[in-house]
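Visitor: Could you take me on a close look at the metal site here, and at how it sits in the fold?

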Amino acid sequence: MTKNDDNVKDWRSTGRRKARKELFNNYAEFKCVGYVKDGKVIPCGKTSREPPKDAPPWFDEIWPLDNRVLDYSLQADHETKDVMQNDIQHLNWRCAPCHKMQDKQTSKGEATVKINYF
Ligand SMILES: [Zn+2]
């Protein structure tokens with residue numbers, strides 16, 4: 001990370017905005033994809049109770065009827081952790097807990113990181 005925090009915040013939020021737009025534009029189903037643990041996908045499938053503020057006009061088409069349980073919008077997660085990489089194949093919707101779990105895995109998709117439960 002750089003020392004210029006303001007800058008970091010700025011490009012990060014820009015990256016997230018771009019990521020959300022990319023996911024919407026690609027009609028990615030608006031539900032949490034879960035996370036990967038020890039090479040296995042732990043499914044989730046949760047989605048938001050309400051459409052997010054930046055929902056596109058076609059939001060109903062990508063919003064599953066099941067599991068509308070979250071009080072907040074799903075987060076656009078960058079699989080590579082590179083917020084400048086906003087191609088659809090590197091992006092997924094995640095709920096906050098799954099986003100956290102996925103982030104705890106690895107930064108580069110190699111070496112396994114043990115998850116500590118407190
Ligand atoms: Zn989830």
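Guide: Of the chain's 118 residues, 33% count as buried, meaning under 20% relative accessible area, with exposed being over 50% and partly exposed in between (1.4 Å probe, protein chains only). Do keep in mind that this is a predicted model, where local features need pLDDT of at least 70, side-chain atom pairs count only at pLDDT 80 or more, and totals for chains, interfaces and linings use all residues. Residues are numbered from 1 along each chain as its sequence is written, and side-chain values use heavy atoms, with hydrogens and water left out.

The chain holds three helices and six strands, in the order α-β-β-β-α-β-β-β-α from the N terminus; these are DSSP runs, helices being H or I of at least four residues and strands E of at least two, numbered from the N terminus.

Now to the zinc ion: its protein donors are the SG atoms of Cys32, Cys44, Cys95 and Cys98, at 2.2 to 2.4 Å. Donors here are N, O and S atoms within 2.8 Å of the metal (3.2 Å for Na, K and Ca); water is not among the atoms, so sites may look incomplete. The four donor atoms subtend angles of 102 to 120° around the zinc ion, so the arrangement is tetrahedral, a label for four donors with all angles between 85 and 135 degrees. Along the chain, the donors follow the spacing C-x11-C-x50-C-x2-C. Cysteine 44 lies in the loop between β2 (40-42) and β3 (47-48), and cysteine 95 in the loop between β6 (91-94) and α3 (96-104), so this pair ties together parts 51 residues apart in sequence. Cysteine 44 counts as partly exposed, at 25% relative accessibility, whereas cysteine 95 is buried at 2%.

Notes:
Four donors count as tetrahedral if all angles lie between 85 and 135 degrees; four count as square planar and six as octahedral if opposite donors are over 155 degrees apart and all others between 65 and 115; anything else is irregular.
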